Amino acid sequence: MKRTTLSLIAGTTALAAVTGFAALTAPAGPAAPEAKSPTRLPVERAGLVCPVPSTSEVAETVYTSYTPLAAGTGAGAGSGSGSGSGKAEQPTARLTVAASTTSSGGTAAKDPKKPKAPQAPATVTAPGKPVAVEANGAGVPALTGAATGTLAPGWTVQQTTVVPAGGSRGLLGLSCGAPDTDFWFPAASTAKERQDYVHLTNPDDTAAVADIELFGPEGALKSQFTEGIPVPARSTVPVLLSTLTGETAKPDVTVHVTTRSGRVGAAIGSADEKLGGDWIAPAADPAGTAVLPGIPADATSVRLVALAPGEDDADLKVQLVTTAGTIVPAGAGTLHVKSGMTTAVDLPNLTRGEAASLLLTPSDPKKPTPVVAALRVVRGKGANTEVAFIPATPAISARATVADNRAKASTLSLTAPGTAAEVRITASAGSGGGTPVSRTVTVKAGTTATVTDLVPQGLKGYYALTVEPVSGGRVYAARTLAAAQDGIPMFTVQTLVDDRGTVEVPSAHQDLGVLD
């Protein structure tokens with residue numbers, strides 16, 4: 001997914017401010033000032049969308065909203081973002097209800113209907129202080145929202161839903177995503193036992209138009225009603241994947257969502273009548289290497305799904321990055337992925353009691369072929385099973401946060417597939433009270449490290465975990481949230497994506513060179 005939408009407004013504002021200042025204060029004379037490297041400034045606006053959490057009458061949903069403290073500060077002090085006139089604006093971070101728009105078989109969306117609003121969505125009032133609210137039942141709507149000023153950098157919202165019974169039974173977790181124009185979803189399905197809906201949510205004041213492509217084991221599926229799907233302004237449209245094609249049901253499908261106008265947030269809600277349900281979050285953009293972190297130690301089934309969307313086939317080396325080192329899974333050391341065809345393979349007895357991450361690299365480093373990938377992971381056996389999905393994720397470049405952590409229920413996985421890395425982890429205060437704590441963790445080269453005991457002192461409620469690289473190589477992270485219920489090992493896994501809380505802007509001297 002092309003995660004480029006957080007800071008366009010912030011970048012434009014900052015750039016205008018810098019260039020305006022440079023133009024007004026440029027010294028006279030022929031000598032050109034020495035060029036300076038670009039400056040990174042905090043973003044001033046961030047947007048997120050959360051899809052309809054469930055259609056089950058017994059669903060129980062918690063929204064946890066959080067903005068981390070600015071780097072190097074001990075408190076969330078700040079007067080908000082400054083306007084061009086110098087007048088301070090009160091920062092905000094809130095979610096609002098999106099209209100519900102139905103789509104029958106991918107056909108043109110009907111008129112949107114505004115649902116009844118649940119309890120006020122979580123609204124953050126200060127950095128470093130998570131806010132959590134509950135919204136239960138089948139009538140909970142999709143939400144869109146924005147954060148401004150000091151609440152924008154790193155703003156994160158997690159929606160977590162428990163469905164104790166029914167076809168979508170399970171612990172369904174999703175980090176609400178930023179609107180964009182391009183998304184990839186490996187590990188979807190059109191099988192009869194699966195009900196996979198792609199949720200398209202438009203946060204803007206103008207309509208968006210989306211296209212959906214489906215790729216099965218033999219290539220692109222013949223589909224209908226997948227082009228030009230309208231998504232009205234500030235509305236959400238759920239589309240059942242199996243209605244988009246007349247071909248035989250496919251157990252493994254890769255979904256590609258793009259927009260021809262506007263932008264949307266996209267996520268797939270998956271419900272398996274036997275295994276349970278969870279959300280499929282967008283995978284990392286196609287790349288020659290893929291890292292899929294956070295496979296639970298007690299996983300009983302792991303299925304890898306991959307697609308090479310370009311013109312070339314991909315030959316991949318499959319490796320497991322464990323707590324002890326990097327190994328080759330028995331009988332699954334390589335994978336051939338044909339161009340445009342979804343390839344799936346089961347990885348039996350993969351973890352053997354150790355938390356791990358999967359690493360996909362080109363068999364020939366000189367011929368890297370971009371791929372997208374995701375894992376379907378199952379815990380439990382027989383009737384007491386639960387499923388979750390782990391998409392490939394990019395490395396954390398500066399900072400990443402996951403909200404809605406709970407004492408004795410959260411496991412943070414950190415993977416350093418290359419060189420060793422050092423990261424700083426901060427557990428925020430709780431939504432109901434508590435004192436933040438931090439720890440520096442070293443992840444050895446080629447290993448996965450897990451953190452389960454970093455909890456705020458005197459915790460009350462839900463808390464956030466923030467990861468910041470300090471030194472060394474690239475780090476990839478995921479959080480597993482577990483909650484056993486009636487003998488079912490319910491769980492959900494969210495990968496940590498860099499929050500892009502800063503934007504790079506040219507220095508004043510660079511702008512002078514442009515103006516000259």
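Trainee: Leaving aside neighbours within four places in sequence, which residues is T64 in contact with?
Mentor: This is a predicted model, so the contacts are those of the model. T64 is found in strand β3, which covers residues 60–66. Beyond its neighbours within four places in sequence, T64 is in contact with P130, V131, A132, T156, V157, Q158, A403, D404 and Y462.

Trainee: Is T64 buried or exposed?
Mentor: A residue counts as buried under 20% relative accessible area and as exposed over 50%. The relative accessible area of T64 is 0%. T64 is therefore buried.

Trainee: Is the disulfide of C50 and C176 right-handed or left-handed?
Mentor: Both cysteines, C50 and C176, are buried. The torsion about their S-S bond is about 115 degrees, so the disulfide is right-handed.

Trainee: Which residue in β17 is the bridge partner of T201?
Mentor: Strands β11 (residues 194–202) and β17 (residues 265–272) run antiparallel and are joined by 8 bridges. T201 has its bridge partner in β17, and that partner is G265.

Trainee: Is S223 buried, partly exposed or exposed?
Mentor: S223 is placed in the loop between β13 (219–220) and β14 (229–231). Its relative accessibility is 34%.

Trainee: Leaving aside neighbours within four places in sequence, which residues does S223 contact?
Mentor: The side chains of S223 and T226 are joined by a polar contact of 3.3 Å. S223 and S242 are 19 residues apart in sequence, and their C-alpha atoms are 9.7 Å apart. Once neighbours within four places in sequence are set aside, S223 is in contact with L244 and T245.

Trainee: Over which residues does pLDDT stay under 50, with 19 contacts beyond four places in sequence?
Mentor: The chain has a mean pLDDT of 87, and 84% of its residues reach 70 or more. Residues 74–86 stay under 50, and the model has 18 contacts beyond four places in sequence for them. The stretch with 19 such contacts, also under 50, is residues 104–111.

Trainee: Among contacts between residues at least 6 apart in sequence, what share joins residues at least 24 apart?
Mentor: The chain has 2 helices and 38 strands. Of its 516 residues, 53% are buried. For contacts between residues at least 6 apart, the share that joins residues at least 24 apart is 82%.

Trainee: What part of the accessible surface of the chain belongs to carbon and sulfur atoms?
Mentor: The accessible surface of the chain comes to about 21400 Å². The part that belongs to carbon and sulfur atoms is 53%.

Definitions and conventions
Residues are numbered from 1 along each chain as its sequence is written. This is a predicted model: local features need pLDDT of at least 70, side-chain atom pairs count only at pLDDT 80 or more; totals for chains, interfaces and linings use all residues. Side-chain values use heavy atoms; hydrogens and water are left out. pLDDT is the predictor's confidence in each residue, from 0 to 100. Contact means heavy atoms within 4.5 Å. Two strands pair if DSSP finds at least two bridges between them. Helices (H or I, at least four residues) and strands (E, at least two) are DSSP runs, numbered from the N terminus. Buried means under 20% relative accessible area, exposed over 50%, partly exposed in between (1.4 Å probe, protein chains only). A disulfide is a pair of cysteine sulfur atoms within 2.5 Å. A polar contact is a pair of N or O atoms within 3.5 Å; within protein, one must be able to donate a hydrogen and the other to accept it, and residues adjacent in sequence count only if both atoms are side-chain atoms. Accessible areas come from the Shrake-Rupley method with a 1.4 Å probe; for residues, only the protein chains shown count as cover.
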